[in-house]
Every structure is written in C-alpha cells, then in structure tokens.
Amino acid sequence: GTTFYEYVNGFRIKEACSLLSSNERKTLAEIAELSGFNSLSTFNRAFIKSIGETPARYLKKYQTK
C-alpha cells in the first residue's frame, strides 16, 4: 500500500531517528545527508510526514533527557 519512494524514506527516517537520539553531536544537515536525503528541506518534509514533528523538535526531546 505504499510507493517505493515512501518505502525507502521509511528506512531513511528510521536511520535519522537513530542518529537524532544518539549522543553524537551532528547538525541536522549532516543527519539528513547520512540518512540518504539530498537536501535538508526534503528531509524535513519526509520527517514531518512520517513522525509528525520537525527533526529539530524531535532532537530537542533527546537533548533535554
């Protein structure tokens, strides 16, 4: 029930979540690139669609813990 693009982005978002929740200090642009996204705007759109919030907000949750 999903397109190939959505399927691949699912794996990319999982990788991004792992990187965001790790203790490694990386910029959102670095995380987007490491997760396989070509641009930060594409990463943001896909992340919001999948997770329901921005990568920055998601990251803040883990930085305050």
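Okay, let's start with the contacts, meaning heavy atoms within 4.5 Å. Among contacts in this protein between residues at least 6 apart in sequence, 47% join residues at least 24 apart.

Before going on, a word on what you're looking at. This is a predicted model, where local features need pLDDT of at least 70, side-chain atom pairs count only at pLDDT 80 or more, and totals for chains, interfaces and linings use all residues. Residues are numbered from 1 along each chain as its sequence is written, and side-chain values use heavy atoms, with hydrogens and water left out.

So, the overall picture. The protein has 4 helices and 0 strands, and from the N terminus on the order is α-α-α-α. Helices here are DSSP runs of H or I with at least four residues, strands are E runs of at least two, and both are numbered from the N terminus. The C-alpha trace spans about 35 × 20 × 15 Å along its principal axes. The radius of gyration is 11 Å, which agrees with the value near 11 Å for a compact globule of 65 residues. That radius is taken over C-alpha atoms, and the globule rule is 2.2 Å times the number of residues to the power 0.38.

How much of the protein is buried? Of the 65 residues, 26%. Buried means under 20% relative accessible area, exposed means over 50%, and partly exposed is in between, with a 1.4 Å probe and protein chains only.

Now helix α1, residues 4-21. α1 has 18 residues and reaches 26 Å from its first C-alpha to its last, close to the 26 Å expected at 1.5 Å a residue. The expected span is 1.5 Å times one less than the number of residues. Buried in α1 are Asn9, Ile13, Ala16, Cys17, Leu19 and Leu20. They sit on the same side of α1, because they cover an arc of only 155° around the axis; the arc is that of the directions from the helix axis to the C-beta atoms. Over on the other side of α1, Phe4, Tyr7, Phe11 and Lys14 are exposed. The buried residues pack against α2 (28-34), α3 (40-51) and α4 (55-63).

Phe43, Ala46 and Phe47 are buried in α3, and they fall within an arc of 100° seen down the axis, so they line one face of the helix. Arg45 and Lys49 are exposed on the other side of α3. The cover over the buried residues of α3 includes α1, α2 and α4.

What about the core? The largest nonpolar core has 13 residues, and those with the most contacts inside it are Ile13, Leu20, Ile31, Phe37, Phe43 and Phe47. α1 gives the most to this core, with 5 residues. A nonpolar core is a set of buried Ala, Val, Leu, Ile, Met, Phe, Trp, Tyr and Cys residues joined through side-chain atoms within 4.5 Å.

Last, two asparagines. Asn9 counts as buried because its relative accessibility is 7%. Leaving aside neighbours within four places in sequence, Asn9 is in contact with Phe37 and Ala46. Asn38, by contrast, lies in the loop between α2 and α3 and is exposed, with a relative accessible area of 82%. Its C-alpha is separated by 23 Å from that of Lys60, 22 residues apart along the chain.
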